[in-house]
Amino acid sequence: MVNEIDLAALIEGPVFDAVYSHSVNPVLLMEAGPAEDDFSMIVRVSAPFSELTGYTQDEVIGKTPQLLHGRVTSTETSVRLRRAAHRQESISEELQICAKDGREIWVQVVFTPIIDTSKKAVFVDLQRHQPF
């Protein structure tokens, strides 16, 4: 389900702060790229994201998720995720990402579209570490 919201109020609001403060899963908020094959831009990340990847919020804000791509990241999966973000579609994919220190990590990526009042697509990206 796509919900229309005020993005600025969401990012700075108490509900979003509570989600980021209490989530045990890594969480990202991203703005979808303007074109179907453009990468989304990271707007905010949770502490568990930083713990999993080694990247601080300051290091990833304004960057694309391509920052997490390593030699084993599936190009096909990445393309499906970008296209779903642009089309404002929910999607769930398994993906191998690369942490700041070079570790390769399997995650389940779940995109949930949220549309702000200016109709600019934004997505919450939940990643759950796949333990082996």
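Is Ser92 buried, exposed or partly exposed, and what is its relative accessible area? Ser92 comes out as partly exposed, because its relative accessible area is 43%, which sits between the 20% and 50% cut-offs. Keep in mind that this is a predicted model. The notes below walk through Ser92 and then Glu93, both of which lie in strand 4.

**Ser92**
- You'll find Ser92 in strand 4, which covers residues 91-98.
- Setting aside residues up to four places away in sequence, Ser92 touches Gln108, Val109 and Val110.
- The side chains of Ser92 and Gln108 are joined by a polar contact of 2.4 Å.
- As for Val110, 18 residues separate it from Ser92 in sequence, yet the C-alpha to C-alpha distance is 4.4 Å.

**Glu93**
- Glu93 is also part of strand 4.
- Glu93 counts as buried because its relative accessible area is 14%, and the cut-off for buried is under 20%.
- Its side chain makes a polar contact of 2.8 Å with the side chain of Arg80.
- Beyond its neighbours within four places in sequence, Glu93 is in contact with Thr77, Arg80, Leu81, Val107, Gln108 and Val109.
- Gln108 and Val109 turn up in the contacts of Ser92 and in those of Glu93.

**Confidence**
- Across the protein chain the average pLDDT is 79, and 71% of the residues score at least 70.
- Among the chain's elements, helix 4 (residues 57-60) has the highest mean pLDDT, at 94.
- Strand 1 (residues 3-5) has the lowest, at 55.

Definitions and conventions: Residues are numbered from 1 along each chain as its sequence is written. This is a predicted model: local features need pLDDT of at least 70, side-chain atom pairs count only at pLDDT 80 or more; totals for chains, interfaces and linings use all residues. Side-chain values use heavy atoms; hydrogens and water are left out. Helices (H or I, at least four residues) and strands (E, at least two) are DSSP runs, numbered from the N terminus. Buried means under 20% relative accessible area, exposed over 50%, partly exposed in between (1.4 Å probe, protein chains only). Contact means heavy atoms within 4.5 Å. A polar contact is a pair of N or O atoms within 3.5 Å; within protein, one must be able to donate a hydrogen and the other to accept it, and residues adjacent in sequence count only if both atoms are side-chain atoms. pLDDT is the predictor's confidence in each residue, from 0 to 100.
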